[in-house]
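Thanks for coming. I will go through a few parts of one structure, and you can follow along on the screen.

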Amino acid sequence: MNSVNTKKKTLTQETMSYKIHSLMICLFASATTALSQTGQAAAQPQQPIVYQLRQQPVGIDNYQSGFYYYNGKKAYTMRSFNMLSTGEIMSLKVNPSGSSYAVLTHGKKQNSIAVYDLWKPNEQIATVKEKGFNPTAICYSANAKLLYAADADGTVHSFSIYKYKDSGSFNIAAPASRMAVSSNGYFLATVGGSSVYIYNVDGFSHELRSTVKAAATVNDVAFSADSKWLAVLSADGKCSVYDTRTFAATHTFEALGSAQACFFHPAGKYLGVATGDSRVALLNLYNTDDRQYVDADEPGISYINFAKGTDGGVYLVYNTRSRIVFAPVFFLTPNRRELLRNELNDRMEEWARQMEGETMEEYNLRVNDETRAKQMQLFQTEIATEMAADMLSMSEVKIGNYNTDMNMLAIEFDKMPTIYLAVSPDQVTDFDNPADLRFANTQYFLNDKDEFELAYTEVFNTKTGKSYVFDNRERKSLDYLESDDNFVPLEQLKASRMEELRLEELRNSVMNEAKATNVITDHTKIDVNTKVVSTTDASGKKISNYEVNISYTVDEEYSAKDDFAPGRFRCNESAAAKAMLAVVKQALEGDLAKYVANGKQLNIHITGMADAIPFTKAIAYDGCYGEYDREPVYRDSELASITVTRTTGIADNDQLAFMRAMGVKDYMQTNIPSLAKMRTEWTSNTEVSKEKGSQYRRIGVKLTFVDAF
């Protein structure tokens, strides 16, 4: 009896310790100041954050900023709480939603896979079985709904996370020792010896998309966070980076030592590579001359990753023999190219809208291919200048050489490339002191190395009172801005604007009818906007996706009447939600019906929101919208999981927000039967406000028609 009680006590203590770890996985970083767009940081920690480990990790995986490792027959959290005791562990992969993890163990006759609850020690959920199945590698799909397992017979099986039953398999070119998936769900990369095979897993064909062959054994593969690049790291100290649109090599880095492991920085500008057991190289993909290093205090590095801290900063994560280390890498410059591209897209999107009162003739004169190119150039310079935040004033200025053939004087800067001023020979001697120079009306652009250069500046020499102008504003746009891949055709953009006007007319009609019948008041507003997004599909073909966003707001003092009351989640319990869904239904059966085609893909992203009113007791749930156990869901745009059943009820605001989203899904599936003929992918997002009030209880729908045009 005493031994039983002791066992129960130990298990309880272990479970409590594990729960403490679970609550703290996102709290590893101290507060820091976020990076500015220029890459300048202030008051940020320079010392790494270290976790002592029980054993040297053989393998590691993570969920967000929580890391989990294994050695032999045991697995641990990064706080070294024992999470699993089993057979000899070959691989451990955490479900991207953070609900569970899969473990591949070695057996005498064949290997096996079991799935465990991530938040409870030694809590097995399922055993993954198949007759004659001998798995060699595992990984989860990007949407967290499938577990891929490579078989020694040269096939890959996919298992649904709901019952872990085999949902299909396909042949691969060689048995896989490791696998990786792209975040957009397009690709599965399998490694066999010195070759990497990339398969399309977006759909049902699972065809071989590309094959990459290295000169030595492949030690690691990694996709960038935006899925644009694939890195292949080989034992000969080389890393090749491939553009996933074409799978042509874009970069080759050499002299990377033993080339242990690689991982992309989430911003996509840097690639981390473990070059040995005590050093990590940080490679700049835009400037191959920029190679920086992080050195460990002890050897043993076999794994690297990047993690976001609660401060919003990014940390390099690596292991040593006895530690997991979070090293601050705030010295890395941000991906200015992507920042500029995103801002430019937003401004061009707004510029292309037909203005209020603007006739179609006036609109076509203002918005055409010629004016678009000029406007892009203007916006590009404006945005880069705003991002640069007057770097010139922070630069050390020097007087450079003088070209007597061209009468050009070099003005050098320590933070930017040199510029050249037209200066006559008789005035060159006036430039003997850089402190005499004053700069005004300065403009910048970004060069191919993602660095700021001067586009325009006026130089005043206080010694002589003479002024000079450097003007390089007519330079061509960068390749990434000129490329058709980044911007949608103008005719599609205009068509989207016309579509939006028709949807606004439909919205007004629905709202007027709802107001006339006292369903909603004048204090409810339904918002409709459309957007065309240029992208590529899994085959590399350029496509345009058509996005339609429909949401609503209610004036705060009228929210309780027009919208969800506290604790309510059924769509028919919100007049505003019903009106919004009427717009969705009529749009899909009317103006948007031309995009609803057999076999075409439609992504429906539903956001459910809740306020911060605390729960005193669980709300009974009758299963009207189904039951969900560890369902993948986005929580404030980060992949997580949620459980709502008749037994659990609805006990917190995340669950409440989720059920509001599920009410929308149920309405659309029930009332819009035409959706059934499309390949419809559903995702949901929950947002819980830190504030209380009915104005924070909302739903919204985003429809993305893939390859719509």
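**A buried threonine, and some other parts**

Thr530 is buried, with a relative accessible area of 1%. Buried here means under 20% relative accessible area, exposed means over 50%, and partly exposed is in between, using a 1.4 Å probe and protein chains only. Before going on: this is a predicted model, where local features need pLDDT of at least 70 and side-chain atom pairs count only at pLDDT 80 or more, while totals for chains, interfaces and linings use all residues. Residues are numbered from 1 along each chain as its sequence is written, and side-chain values use heavy atoms, with hydrogens and water left out.

Thr530 sits in strand E35, residues 524-536. Helices (H or I, at least four residues) and strands (E, at least two) are DSSP runs, numbered from the N terminus. What does Thr530 touch? Leaving aside residues up to four places away in sequence, its contacts include Glu349, Arg353, Tyr546 and Val548. Contact means heavy atoms within 4.5 Å.

Now a sheet. Three strands make an open sheet in the order E32-E33-E34, with antiparallel pairing. Two strands pair if DSSP finds at least two bridges between them. Strand E32 (437-446) and strand E34 (466-471) are at the edges with a single partner strand each, so one side of each has no neighbour in the sheet. On average, neighbouring strands of this sheet are turned by 15 degrees against each other, direction ignored. Strand E33, residues 452-461, is joined to E34 by six bridges. Val459 has Tyr468 in E34 as its bridge partner. Helix H4, residues 369-388, packs on the sheet and touches E32 and E33; the direction of H4 makes about 115 degrees with that of E32. For such angles, axes are lines fitted to C-alpha atoms, for helices over the stretch in contact, and the angles run from 0 to 180 degrees between N-to-C directions.

Next, helix H8. H8 covers residues 575-589, which is 15 residues, and reaches 21 Å from its first C-alpha to its last, close to the 21 Å expected at 1.5 Å a residue. The expected span is 1.5 Å times one less than the number of residues. Among the buried residues of H8 are Ala576, Met580, Val583 and Leu588.

For Cys262, the nearest cysteine sulfur is that of Cys239, 5.1 Å away. Cys262 counts as buried, at 2% relative accessibility. For Cys624, the nearest is that of Cys571, 9.5 Å away, and Cys624 counts as partly exposed at 30% relative accessibility.

How values were computed. A disulfide is a pair of cysteine sulfur atoms within 2.5 Å.
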